[in-house]
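Biologist: I would like to learn how to read a structure like this one. Could we take it feature by feature?

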Amino acid sequence: VHFPDVERVEWLNKVLVQAWPYFATIMEKTFKEVLEPKIRAKNVHLKTCTFTKIHFGEKCPRINGIKAYTKEIDRRQVILDLQICYIGDCEIHMDISKFNLGVKGIQLYGTLRVILEPLLTDAPFIGAVTLFFMQKPHLEINWAGMSNLLDVPGINVMSDSLIQDFIAARLVLPNRITVPLKKNMNIAHLRFPIPHGVIRVHLLEAENLVQKDSFLGAIRGKSDPYALLRVGTIQYRSKTVSRDLNPIWNETFEFVVHEVPGQDLEVDLYDEDPDKDDFMGSLLISLVDVMNDRTVDEWFPLSKTTSGHLHLKLEWFSLINDQEKLHEDKKGLSTAILIVYLDSAFNLPKNHFEYSNGECGAKKIKNNKYLKKTEREPSSFVLLTVGNKTQKSKTCNFSKDPTWGQAFTFFVHSAHSQSLHVEIKDKDRDSALGTSVVCLSHLLKDPNMTLDQRFQLDHSSSDSFIKMKLVLRALNVEEPDPQRVKAGVNASKQGPVHVMEKGGNQQKFVSPPKPEVSKVPPVSKNSAAPESLLKKDSREDLDTNGSSAAPVPSETVTGLNETEREQNPEHCPSSALHTRAAVVPTLPVVQELRLAPSVASLGSLPSSCFELSSSNLDLHNGTEMPLGEIQLTVRYASIRQSLVVLVNGCRNLVPSSNRGVDPYVRIYLLPDRRWASRKKTSVKKKTLNPQYDEKFEFFESLEDVKKRTLDIAVKNSRPFISQERKELGKVSL
């Protein structure tokens, strides 16, 4: 079992367990002394809010693994990915007027990225700590009180998702929490770093999708597919193509990418129905590979479904401050990106009557209803608009000098003619407290295409300003490295593949000088596979789908395993698996390989994936005589909570009759022998060396999987009345 790149930190969990009671005491104090007054000040109805019980329980959060990035990043920073799991028994109750609200138990898990930067030469050695989740963490809350009104199924789901959205709005990329550790540390550029790049996704077409529509449970109709595309918190929906299993969309979407490695493109296909939309398959694409390849145009096999391929063209744009690249695009696609750092405003008017001249304003002020509202300071938010896209800031309550401290990004297709419209509004009265228009052509006068200044507000007081920093960056497609092998379809992340490494502290294994030719039939289905087989520099570990290309490198690695064993016979592992590796003709591309293959899980959250390297297992039937071998790849994907079994193929099977065999593979996860949970590959006709490359998933927790056994049998598909032996051999793991 490998823990690729992810280290287990039991010592840290022991420290957490020991320190938890003390941390809980500090938190209880904070709730009473800091949070309670803040809640009371929020609203008139919350003035009576009191915490009646605060207990953080015995169970503390657990860190399942840490991945540290030091090689492929800036010298002055350290990046850690922490897999956090909290199944807490905390109890918090509060009274508001006559209602009792409470929480008794929370479950939270996700991957938290921690960035320590900049590293300093004097104490405290680290300037600031930045925290954020790559994707929305999974959250479940057990509500108590309110006569359990919140346990009503609809409301319960609604409240959980509202809280999840609330957390996402503060803690999921592009939002970050930055805590300065050194005094007078300027953290603005740490909270809002310039994004890594932009990915343009051309959603072209799909084929052989699963039929989901049924009429009266019998006649299968055509489905009405649409796609949801997601990077981080940004999601787009394609149009729906009605009654078509081979839909053509030809749509284009653009996403800003903030963290690489880390963020991925997720695509889910659904069948639109009047009641509940049916899931038709999904795809997860590693953006590191797209960044390295610059352009990927491939058919990707869908996962979590039985059939279907999706055709995507992906283009990676880096962000540069070169004005010559800012030409206007003929098709109306983006040529630049505008980043707006919204800092603060000064001297906002208390209300828009202060500056509206004429009698109308004066008459309204006399009205008593308005007087109370006009006396207090405004609660303001900002609307920022470029072209037809408007974004809204958070609201700062009761302040004429509000500080927002937020960043926004906009796609720009013509920097010479477009402008940014800023409008400050009061939350209580839907009135503008000031506006400002900035032409983007002003940014072109600065060599860095940056403006950092106060802007005078129009339709406001004479001394009202808004402070913003505007950064314009051109989108540029760079030429890919000619030396690099392209990832192609392998950018899709599903099953293990063995990674080519450049540099880093990896061991290097040289391919065997004289590879024997084995009897394994050619694995790849397409002639282009060798090119797309091995890929990427050491930026990040990867997954590929269990498609045609995947098994070849794994066999090559097993081949290298063999050579190593020939050289050191005394180190040969006597495992219960009797691993007999094949030496296959190695591809010329395979010069450097890392033996412990790294498998990032889905979501590229470097979640602990446990894998049994692609191994050839001897088949048996209780006798000593070998009945051939089966090649499997088994791994656990923690993010999806599933055990993934990839059946690569079999070889040297022993025929059970003279008329040849039609082998297939049957899998159970014991002790569950139900017909419904049995997995089965397709049948290959008249062959003793069948090649399947089929993937199966068992959705079970890791703890359960560790206690269970995989029962794998190779069987002969035969006529019902035939006397031939059905089982060709079996293996249990």
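**Reading strands, salt bridges and a pocket**

Biologist: Let me start with one pair. Which residue in β22 is the bridge partner of phenylalanine 381?

Modeller: The partner in β22 is lysine 425. Before going on, note that this is a predicted model, in which local features need pLDDT of at least 70, side-chain atom pairs count only at pLDDT 80 or more, and totals for chains, interfaces and linings use all residues. Residues are numbered from 1 along each chain as its sequence is written, and side-chain values use heavy atoms, with hydrogens and water left out.

Biologist: What do the element names stand for, and when do two strands pair?

Modeller: Helices (H or I, at least four residues) and strands (E, at least two) are DSSP runs, numbered from the N terminus. Two strands pair if DSSP finds at least two bridges between them. In general, strands of a sheet pair through backbone hydrogen bonds, either parallel or antiparallel. Here, β19 (residues 380-386) and β22 (residues 419-426) run antiparallel and are joined by 7 bridges.

Biologist: In what order do the strands of that sheet lie?

Modeller: The open sheet has 4 strands in the order β20-β19-β22-β23, with antiparallel pairing. At its edges are β20 (389-392) and β23 (432-439), each of which pairs on one side only. On average, neighbouring strands are turned by 15° against each other, direction ignored; the axes are lines fitted to C-alpha atoms (for helices over the stretch in contact), and angles run from 0 to 180 degrees between N-to-C directions.

Biologist: What is the order in the open sheet that holds β12?

Modeller: That sheet of 4 strands runs β12-β11-β14-β15, with antiparallel pairing. Its edge strands are β12 (234-237) and β15 (278-286), and the twist averages 15° from one strand to the next. Strand β14 (residues 264-271) is joined to β15 by 8 bridges. Within this pair of strands, leucine 269 has glycine 281 of β15 as its bridge partner.

Biologist: Now β5. How many of its residues are buried?

Modeller: Buried means under 20% relative accessible area, exposed over 50%, and partly exposed in between (1.4 Å probe, protein chains only). In β5, 6 of the 8 residues are buried, so this strand is largely enclosed by the rest of the structure. β5 pairs with β4 in the antiparallel sense over 7 bridges, and valine 114 stands opposite leucine 131 in β5. β4 and β5 form a hairpin with 6 residues between them, and phenylalanine 125 in the turn has a positive phi of about 70°. Strand β7 (residues 177-180) also runs antiparallel to β5, joined by 4 bridges; valine 129 has valine 179 of β7 as its bridge partner.

Biologist: Next, charges. How many salt bridges does the structure hold?

Modeller: A salt bridge is a side-chain nitrogen of Lys or Arg within 4 Å of a carboxyl oxygen of Asp or Glu. The structure holds 24 of them. One of these joins arginine 294 and glutamate 478 (3.3 Å, N to O). Arginine 294 is in the loop between α4 (287-293) and β16 (295-301), and glutamate 478 in the loop between β25 (465-476) and α7 (529-533), so the pair ties together parts that are 184 residues apart in sequence.

Biologist: Is arginine 294 buried or exposed?

Modeller: Arginine 294 counts as buried, at 16% relative accessibility, whereas glutamate 478 counts as partly exposed, at 31%. Another salt bridge joins aspartate 711 and lysine 730, with the closest N and O atoms 3.7 Å apart. Aspartate 711 lies in β32 (residues 709-716) and lysine 730 in β33 (residues 727-732), so this pair ties together parts 19 residues apart in sequence. Aspartate 711 is buried at 2% relative accessibility, while lysine 730 is partly exposed at 27%. Salt bridges that share partners also join Asp81, Arg113, Arg176 and Glu259 into one network.

Biologist: Last, the pockets. What is the volume of the largest pocket?

Modeller: The search uses a 1 Å grid over the protein atoms alone: a cavity is a set of points where a 1.4 Å probe fits but cannot get out, a pocket is an open set with protein on both sides within 12 Å along at least five of seven lines, and lining residues have an atom within 4 Å of a point. Grid points are joined across faces, edges and corners, and a volume is the space filled by probe spheres set on the points. The largest pocket has a volume of about 2,400 Å³. Of its 44 lining residues, Met27, Phe31, Ile106, Phe166 and Ile167 are the closest to its centre.

Biologist: Which element gives the most to the lining of the largest pocket?

Modeller: α1 gives the most, with 12 residues. Elements that give two or more residues include α1 (10-42), β4 (99-119), β5 (126-133) and α2 (153-171). By class, the lining has 38 nonpolar, 2 polar and 4 charged residues; Ala, Val, Leu, Ile, Met, Phe, Trp, Tyr, Cys and Pro count as nonpolar, Asp, Glu, Lys and Arg as charged, and the others, Gly among them, as polar.
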